[in-house]
Amino acid sequence: AETLNELVELFAVECPKLMQRIRDAIAGHSPSELQRAAHTLKSSIQIFGAQRPAEAALRLETMGEKGDLADAQQAWSALAGEIERLMSMLSDLRES
């Protein structure tokens, strides 16, 4: 349980940084940075087996790979909602 708590704490620190990198990449029209940041976030999410937020991150990663950011703002909103739910779930898990 201690290792899980450590992973949750690390994710709680790193996730906002990665989300900011993704947001900045979208705002700056930087597909390669979007791809890297979304890939890193997706990998971090997968540690917890959370499929929906991982899929949301993958969608942004793929947009970055293809260089097509047309729907990136919508995908960002979906990811932000999924991350909010994941963080709430992880917070509950840590408290129990």
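In the predicted model, helix 1 passes helix 4 in a left-handed crossing. The axes of helix 1, which spans residues 2-27, and helix 4, which spans residues 72-95, come within 11 Å and cross at roughly 165°; because angles over 145 degrees count as roughly antiparallel, helix 1 and helix 4 are therefore roughly antiparallel to each other. On the side of helix 1 the contact is made by residues including Leu4, Val8, Phe11, Cys15, Met19 and Ile22, and on the side of helix 4 by residues including Trp76, Leu79, Ile83, Leu86 and Leu90. By class, this contact of helix 1 with helix 4 comprises 17 nonpolar, 2 polar and 3 charged residues.

Helix 4 also packs with helix 3, at an angle of about 155° and with the two axes 8 Å apart, which makes helix 3 roughly antiparallel to helix 4. The crossing of helix 3 and helix 4 is likewise left-handed. Among the residues that make the contact are Arg52, Pro53, Ala56, Leu60 and Met63 of helix 3, together with Ala72, Trp76, Leu79, Glu82 and Ile83 of helix 4; the contact divides into 11 nonpolar, 1 polar and 3 charged residues.

The largest nonpolar core has 28 residues, and those with the most contacts inside it are Phe11, Ile22, Leu41, Ile45, Leu60 and Leu79. Helix 1, helix 2 (31-46), helix 3 (51-66) and helix 4 each supply at least two residues of this core, with helix 1 giving the most, at 8 residues. Phe11, leaving aside residues up to four places away in sequence, touches Pro16, Leu41, Ser44, Ile45, Phe48, Ile83, Leu86, Met87 and Leu90.

Note on methods
Residues are numbered from 1 along each chain as its sequence is written. This is a predicted model: local features need pLDDT of at least 70, side-chain atom pairs count only at pLDDT 80 or more; totals for chains, interfaces and linings use all residues. Side-chain values use heavy atoms; hydrogens and water are left out. Axes are lines fitted to C-alpha atoms, for helices over the stretch in contact, and angles run from 0 to 180 degrees between N-to-C directions. Helices (H or I, at least four residues) and strands (E, at least two) are DSSP runs, numbered from the N terminus. Angles under 35 degrees count as roughly parallel, over 145 as roughly antiparallel, 65 to 115 as roughly perpendicular and the rest as oblique. A crossing is left-handed if the near helix is turned anticlockwise from the far one by less than a right angle, and right-handed if clockwise. Contact means heavy atoms within 4.5 Å. Ala, Val, Leu, Ile, Met, Phe, Trp, Tyr, Cys and Pro count as nonpolar, Asp, Glu, Lys and Arg as charged, and the others, Gly among them, as polar. A nonpolar core is a set of buried Ala, Val, Leu, Ile, Met, Phe, Trp, Tyr and Cys residues joined through side-chain atoms within 4.5 Å. Buried means under 20% relative accessible area, exposed over 50%, partly exposed in between (1.4 Å probe, protein chains only).
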